[in-house]
Amino acid sequence: MKASVQILIGMAFIALTACSTQEIKQDAKAVSAPDKVPAIPEDSSQSGPNPPLTWVKGNKTLNLVRIMDGGACKNDFQGAKGAFLVYADPADIERIKRDKGPQVFSDFENKIQTFATEALQEAINTTNLAEDPFALGADEAQEKLTKQLSNNFRNSVADAVKLFQKETTLTIDVVPFTPSFIFYQQGCEATHSEPEN
(Lines give C-alpha, C1' and ligand atoms only; values in the text may rest on other atoms or scores of the structure.)
Protein backbone atom coordinates (compact mmCIF):
# COMPACT_ATOMS: atom_id res chain seq x y z
CA MET A 1 0.00 0.00 0.00
CA LYS A 2 2.79 2.40 0.89
CA ALA A 3 4.52 1.81 -2.46
CA SER A 4 1.39 2.74 -4.43
CA VAL A 5 0.91 5.93 -2.37
CA GLN A 6 4.55 6.88 -2.94
CA ILE A 7 4.18 6.27 -6.69
CA LEU A 8 1.00 8.38 -6.76
CA ILE A 9 2.70 11.21 -4.83
CA GLY A 10 5.74 11.00 -7.13
CA MET A 11 3.55 11.23 -10.23
CA ALA A 12 1.72 14.23 -8.75
CA PHE A 13 5.07 16.00 -8.13
CA ILE A 14 6.19 15.26 -11.68
CA ALA A 15 2.93 16.63 -13.07
CA LEU A 16 3.20 19.78 -10.93
CA THR A 17 6.82 20.28 -11.93
CA ALA A 18 5.97 19.90 -15.61
CA CYS A 19 3.23 22.53 -15.30
CA SER A 20 5.38 25.02 -13.43
CA THR A 21 8.38 24.82 -15.74
CA GLN A 22 6.55 25.11 -19.04
CA GLU A 23 8.17 27.79 -21.18
CA ILE A 24 5.99 30.63 -22.47
CA LYS A 25 6.84 31.90 -25.93
CA GLN A 26 5.67 35.24 -27.25
CA ASP A 27 5.31 35.60 -30.97
CA ALA A 28 6.24 39.01 -32.31
CA LYS A 29 3.84 39.51 -35.16
CA ALA A 30 4.01 42.35 -37.61
CA VAL A 31 0.89 44.42 -38.13
CA SER A 32 0.13 44.80 -41.79
CA ALA A 33 -0.85 48.03 -43.50
CA PRO A 34 -1.83 48.07 -47.13
CA ASP A 35 -0.66 50.92 -49.37
CA LYS A 36 -4.24 52.16 -49.64
CA VAL A 37 -5.42 53.85 -46.47
CA PRO A 38 -7.27 51.22 -44.44
CA ALA A 39 -10.38 51.69 -42.40
CA ILE A 40 -9.79 51.18 -38.71
CA PRO A 41 -11.69 48.07 -37.58
CA GLU A 42 -14.33 48.23 -34.84
CA ASP A 43 -11.95 46.66 -32.32
CA SER A 44 -9.20 49.12 -33.21
CA SER A 45 -7.73 49.62 -29.79
CA GLN A 46 -4.25 48.17 -29.99
CA SER A 47 -3.57 45.77 -27.16
CA GLY A 48 -1.47 46.93 -24.26
CA PRO A 49 0.40 50.13 -23.71
CA ASN A 50 3.33 49.22 -25.97
CA PRO A 51 3.27 49.92 -29.71
CA PRO A 52 4.16 47.15 -32.17
CA LEU A 53 7.86 47.18 -33.05
CA THR A 54 7.21 46.28 -36.69
CA TRP A 55 4.66 47.28 -39.31
CA VAL A 56 4.14 45.63 -42.68
CA LYS A 57 3.60 47.96 -45.62
CA GLY A 58 3.27 46.39 -49.02
CA ASN A 59 5.86 43.64 -49.04
CA LYS A 60 8.27 45.35 -46.62
CA THR A 61 8.57 44.98 -42.87
CA LEU A 62 9.24 48.38 -41.33
CA ASN A 63 10.79 48.94 -37.89
CA LEU A 64 9.57 51.44 -35.31
CA VAL A 65 12.10 54.30 -35.42
CA ARG A 66 10.35 57.19 -33.68
CA ILE A 67 7.40 57.98 -31.42
CA MET A 68 6.06 61.50 -31.87
CA ASP A 69 3.61 63.24 -29.60
CA GLY A 70 1.25 65.71 -31.17
CA GLY A 71 -1.89 67.60 -30.46
CA ALA A 72 -4.13 70.21 -31.98
CA CYS A 73 -7.22 72.19 -31.14
CA LYS A 74 -10.22 72.41 -33.42
CA ASN A 75 -11.50 75.43 -31.49
CA ASP A 76 -11.28 76.76 -27.92
CA PHE A 77 -13.17 73.78 -26.53
CA GLN A 78 -12.37 70.77 -28.71
CA GLY A 79 -9.15 69.04 -29.66
CA ALA A 80 -7.06 65.94 -29.19
CA LYS A 81 -3.54 64.79 -28.50
CA GLY A 82 -1.72 61.50 -28.68
CA ALA A 83 1.27 59.59 -30.00
CA PHE A 84 2.10 58.74 -33.59
CA LEU A 85 4.46 55.98 -34.59
CA VAL A 86 7.00 56.39 -37.38
CA TYR A 87 8.10 53.17 -39.06
CA ALA A 88 10.93 52.94 -41.61
CA ASP A 89 12.57 50.27 -43.74
CA PRO A 90 15.89 49.29 -42.09
CA ALA A 91 17.44 48.40 -45.47
CA ASP A 92 16.62 51.90 -46.78
CA ILE A 93 18.09 53.46 -43.64
CA GLU A 94 21.38 51.61 -44.07
CA ARG A 95 21.57 52.47 -47.79
CA ILE A 96 20.89 56.16 -47.15
CA LYS A 97 23.43 56.27 -44.29
CA ARG A 98 26.03 54.77 -46.62
CA ASP A 99 25.20 57.08 -49.56
CA LYS A 100 24.40 60.39 -47.83
CA GLY A 101 25.61 60.05 -44.25
CA PRO A 102 23.60 59.83 -41.03
CA GLN A 103 23.17 63.62 -40.71
CA VAL A 104 20.47 63.56 -43.41
CA PHE A 105 18.08 61.84 -40.98
CA SER A 106 17.79 64.99 -38.89
CA ASP A 107 16.29 66.73 -41.93
CA PHE A 108 14.03 63.73 -42.57
CA GLU A 109 12.80 63.86 -38.97
CA ASN A 110 11.91 67.55 -39.29
CA LYS A 111 10.01 66.91 -42.53
CA ILE A 112 8.07 64.02 -40.98
CA GLN A 113 7.24 66.08 -37.89
CA THR A 114 5.98 68.93 -40.08
CA PHE A 115 3.71 66.92 -42.34
CA ALA A 116 2.46 64.72 -39.48
CA THR A 117 1.52 67.82 -37.48
CA GLU A 118 -0.32 69.26 -40.49
CA ALA A 119 -2.11 65.94 -41.05
CA LEU A 120 -3.12 65.80 -37.39
CA GLN A 121 -4.57 69.32 -37.54
CA GLU A 122 -6.49 68.42 -40.70
CA ALA A 123 -7.73 65.17 -39.12
CA ILE A 124 -8.91 66.96 -35.98
CA ASN A 125 -10.66 69.61 -38.08
CA THR A 126 -12.61 66.90 -39.94
CA THR A 127 -13.38 64.80 -36.83
CA ASN A 128 -16.68 65.41 -35.04
CA LEU A 129 -15.46 65.94 -31.48
CA ALA A 130 -18.87 66.86 -30.06
CA GLU A 131 -20.18 64.63 -27.30
CA ASP A 132 -22.10 61.70 -28.75
CA PRO A 133 -25.60 61.56 -27.22
CA PHE A 134 -26.02 57.99 -28.50
CA ALA A 135 -22.88 56.57 -26.86
CA LEU A 136 -23.67 54.05 -24.14
CA GLY A 137 -20.85 55.32 -21.97
CA ALA A 138 -17.50 57.07 -21.85
CA ASP A 139 -15.65 54.01 -23.19
CA GLU A 140 -17.86 53.72 -26.26
CA ALA A 141 -17.63 57.48 -26.91
CA GLN A 142 -13.80 57.28 -26.65
CA GLU A 143 -13.73 54.28 -29.00
CA LYS A 144 -15.85 56.05 -31.63
CA LEU A 145 -13.73 59.22 -31.46
CA THR A 146 -10.52 57.17 -31.65
CA LYS A 147 -11.70 55.29 -34.72
CA GLN A 148 -12.85 58.45 -36.47
CA LEU A 149 -9.65 60.39 -35.72
CA SER A 150 -7.44 57.44 -36.71
CA ASN A 151 -9.18 57.08 -40.08
CA ASN A 152 -9.05 60.84 -40.69
CA PHE A 153 -5.35 60.96 -39.80
CA ARG A 154 -4.48 58.03 -42.07
CA ASN A 155 -6.34 59.74 -44.94
CA SER A 156 -4.71 63.12 -44.22
CA VAL A 157 -1.14 61.79 -43.99
CA ALA A 158 -1.23 59.34 -46.95
CA ASP A 159 -0.24 61.78 -49.73
CA ALA A 160 2.51 63.38 -47.62
CA VAL A 161 4.01 59.94 -46.89
CA LYS A 162 4.00 59.05 -50.59
CA LEU A 163 5.66 62.37 -51.50
CA PHE A 164 8.27 61.95 -48.75
CA GLN A 165 9.12 58.45 -49.97
CA LYS A 166 9.46 59.68 -53.55
CA GLU A 167 11.77 62.55 -52.53
CA THR A 168 13.94 60.63 -50.05
CA THR A 169 13.76 56.97 -51.24
CA LEU A 170 13.07 56.05 -47.59
CA THR A 171 10.03 53.80 -47.14
CA ILE A 172 8.09 54.98 -44.09
CA ASP A 173 4.66 54.95 -42.55
CA VAL A 174 3.16 57.18 -39.86
CA VAL A 175 0.54 55.44 -37.76
CA PRO A 176 -1.61 56.77 -34.90
CA PHE A 177 -1.12 54.95 -31.60
CA THR A 178 -4.75 54.84 -30.52
CA PRO A 179 -4.28 53.91 -26.82
CA SER A 180 -2.53 57.25 -26.31
CA PHE A 181 -5.37 59.47 -27.56
CA ILE A 182 -6.87 62.06 -25.21
CA PHE A 183 -9.84 64.09 -26.41
CA TYR A 184 -10.86 67.53 -25.20
CA GLN A 185 -14.49 68.60 -25.40
CA GLN A 186 -14.74 71.28 -22.72
CA GLY A 187 -11.52 73.21 -23.17
CA CYS A 188 -8.68 72.31 -25.48
CA GLU A 189 -5.25 71.86 -23.91
CA ALA A 190 -3.64 70.05 -26.83
CA THR A 191 -0.20 71.27 -27.79
CA HIS A 192 2.39 70.24 -30.34
CA SER A 193 5.35 68.42 -28.83
CA GLU A 194 8.78 67.45 -30.00
CA PRO A 195 9.46 63.87 -31.12
CA GLU A 196 10.71 61.35 -28.57
CA ASN A 197 13.26 58.59 -28.96
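Two strands count as paired if DSSP finds at least two bridges between them.

## A hairpin to start with

Strand 2 (residues 54-57) and strand 3 run antiparallel, joined by four bridges. Trp55 has Leu62 in strand 3 as its bridge partner. Two residues sit between the strands of this hairpin, and Gly58 takes a positive phi near 65 degrees there.

## What you're looking at

This is a predicted model, where local features need pLDDT of at least 70, side-chain atom pairs count only at pLDDT 80 or more, and totals for chains, interfaces and linings use all residues. Residues are numbered from 1 along each chain as its sequence is written, and side-chain values use heavy atoms, with hydrogens and water left out.

The chain has four helices and six strands. Both are DSSP runs numbered from the N terminus: helices are H or I with at least four residues, strands are E with at least two. From the N terminus on, the order is α-β-β-β-β-α-α-α-β-β. Of the 197 residues, 36% are buried (under 20% relative accessible area, with a 1.4 Å probe and protein chains only).

Now for the inside. A nonpolar core is a set of buried Ala, Val, Leu, Ile, Met, Phe, Trp, Tyr and Cys residues joined through side-chain atoms within 4.5 Å. The largest one here has 30 residues, and those with the most contacts inside it are Ile112, Phe115, Phe153, Leu170, Ile172 and Val174. Strand 3 (60-73), strand 4 (79-88), helix 2 (90-100), helix 3 (104-126), helix 4 (138-168) and strand 5 (172-184) each supply at least two of its residues. Helix 3 gives the largest share, ten residues. Apart from this core lies another, of seven residues, including Trp55, Leu62, Tyr87 and Phe177.

Which residues does Val174 touch, leaving aside its neighbours within four places in sequence? Among them are Met68, Phe84, Ile112, Phe115, Phe153 and Val161. Contact here means heavy atoms within 4.5 Å.

## A closer look at helix 2

In helix 2, Asp92, Ile93 and Ile96 are buried. Seen down the helix axis, the buried residues fall within an arc of 100 degrees, so they line one face of the helix; the arc is that of the directions from the axis to the C-beta atoms. The buried residues of helix 2 pack against strand 3, strand 4, helix 3 and helix 4.

At the start of helix 2, a side-chain oxygen of Asp89 reaches to within 3.1 Å of the backbone nitrogen of Ala91. Just after helix 2, Gly101 takes a positive phi of about 90 degrees.

Note on methods:
Buried means under 20% relative accessible area, exposed over 50%, partly exposed in between (1.4 Å probe, protein chains only). A polar contact is a pair of N or O atoms within 3.5 Å; within protein, one must be able to donate a hydrogen and the other to accept it, and residues adjacent in sequence count only if both atoms are side-chain atoms.
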